Amino acid sequence: MLKPAPRWVLILLLAVGLGLLLWALSHLAASQAFFALDWSNFWKSSHGLRIDYSSSHSVHPPWIIALVWPLTLWRFPFSWSLSLLLTLAVLAFSVPRGESASRWAGGLLLLVLSYPALRQLTDFNFEALLIGGVLLILWALQRQSIWGLAVSLVLLSAKVQQSWLLVLVAAWWVWRHWPRRAALSGLGMALVWMLPFALWRGADWWQRLADFAFFGAPHDMSLRATLLRGGASPGLAWAVWGLVLVPSLWLAFQRIQRPTRIEAAWLVASGLLLAPYAGFTSMVTPLAIGLIPLALKRPHLGLPLVSLHYLAFALLPFSEWRIAWESSYWALVLILV
């Protein structure tokens, strides 16, 4: 019988394989102009330990841009390949470890091969930080971890438009069930990272938000943008928005205690619908957080919702329709979620 290979050999083979994969991805990004379109904006604004809002359309907080400095220190093609591997790692970690490896592998394939996941792997739009932040805050609430709360708050601030409702519910839970000292310590630890960068580039970031030009754009899937795109008057759009907001807040604070993963996915989906702006590249977050676990646990409920994230592939040939209505399709998926 053959003896198992020494651990150092396996580590060496893994390192060589990872290096070859990074090399291949770097050349792919350099040779294909349609790869890493979003990541190119982030790289331009942060390469060389910079935070420069004038060189890109980025509206992410300065402390989040600084958080990706370890990736953007490298040349653009290599930095994109690192971001792709980071996203893959987070997606793999997000799939629940069930009773069998085959079940986990099936869930991973179902997630990674979906349209939103492939879009995210191609572009990298910080959804990996959001998914990691959601998983971490759920763990922190369960374990009453101060550092977990602090790090998760930083990660979730990368895209407040989809995390705001979850953060409010988590804050309410922490305030009611944690010792005040622990709650304030978690918030203080998060501010230790955020405040220096806010003082350094916060004014530029705020100006970028004020000049944000994509509210109501064709790729805005928020509820108000979708209604206005469908021909509703501004007054009717606000009325429907309010009718969704009130029961959502009631459900969030009265029916949800410590959020589960599926409830967290609902909070993220509701947050996206009610936000001033929501790009459909964010669809991968509720998919990874709640729908894949639901599909593995209750296939009759989860698989139909997951299948909607594959139906988008059939719409790819219809470019004019996609430009005008793709975000409305994703808004409908959010409502179903």
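# Salt bridges, aromatic pairs and a kinked helix

D52 is partly exposed, with a relative accessible area of 23%; in this report buried stands for under 20% relative accessible area, exposed for over 50%, and partly exposed for values in between, with a 1.4 Å probe and protein chains only. The structure is a predicted model, in which local features need pLDDT of at least 70 and side-chain atom pairs count only at pLDDT 80 or more, while totals for chains, interfaces and linings use all residues. Residues are numbered from 1 along each chain as its sequence is written, and side-chain values use heavy atoms, with hydrogens and water left out.

## Charged side chains

Side chains of opposite charge can pair when their charged atoms come close. Searching the whole structure gives three salt bridges, a salt bridge being a side-chain nitrogen of Lys or Arg within 4 Å of a carboxyl oxygen of Asp or Glu. One of them joins R50 to D52, with their closest N and O atoms 3.3 Å apart.

K159 pairs with E127, and here the closest N and O atoms are 2.4 Å apart. The helices named here are DSSP runs of H or I with at least four residues, numbered from the N terminus.

R201 and D204 also form a salt bridge, at 3.8 Å from N to O. These two residues are both part of helix α11 (residues 180-210), where they stand three residues apart, about one turn of the helix.

Charge also meets aromatic rings in this model, where a charge sits over a ring if NZ of Lys or CZ of Arg is within 6 Å of the ring centre and within 35 degrees of the ring normal. The charged end of R97 is placed over the ring of F93, 4.9 Å from its centre, and R224 lies over the face of W238, at 4.0 Å from the ring centre.

## Aromatic pairs

The model contains 16 aromatic pairs. The ring centres of W69 and F197 are 5.9 Å apart and the ring planes stand at 75°, so this pair is edge-to-face. With W69 in helix α4 (residues 69-72) and F197 in helix α11, the pair ties together parts that are 128 residues apart in sequence. W69 and F197 are both buried.

The rings of Y115 and F313 are likewise edge-to-face, because their centres are 5.6 Å apart and their planes are at 80°. Y115 lies in helix α7 and F313 in the loop between α16 and α17, so that this pair ties together parts 198 residues apart in sequence. Ring pairs link Y115 and F313 with Y310, Y329 and W330 into a cluster. For all of these, rings of Phe, Tyr and Trp (its six-membered ring) pair if their centres lie within 6.5 Å, and planes under 30 degrees apart count as stacked, over 60 as edge-to-face and the rest as tilted.

## Helix α17

Helix α17 (residues 319-336) has 18 residues and spans 24 Å from its first C-alpha to its last, close to the 26 Å expected at 1.5 Å a residue; the expected span is 1.5 Å times one less than the number of residues. The helix has a kink of about 60°, centred on W325, where the bend is the angle between axes fitted to the seven residues ending there and the seven starting there. The buried residues of α17 include E326, S327, Y329, W330 and L334, and among the elements that cover its buried residues are α7 (115-123), α12 (223-229) and α14 (261-274).

S83 lies in helix α5 (residues 76-94). Apart from its neighbours within four places in sequence, S83 is in contact (heavy atoms within 4.5 Å) with W39, L71 and F124.

L149 lies in helix α9, and its contacts beyond four places in sequence include I137, A140, V174 and W178. The C-alpha atoms of L149 and L138, eleven residues apart along the chain, are separated by 8.9 Å.

The table gives accessibility for several of the residues discussed.

| Residue | Relative accessible area | Class |
|---|---|---|
| S83 | 0% | buried |
| L149 | 6% | buried |
| Y115 | 6% | buried |
| R201 | 24% | partly exposed |
| F313 | 30% | partly exposed |
| R50 | 33% | partly exposed |
| D204 | 39% | partly exposed |
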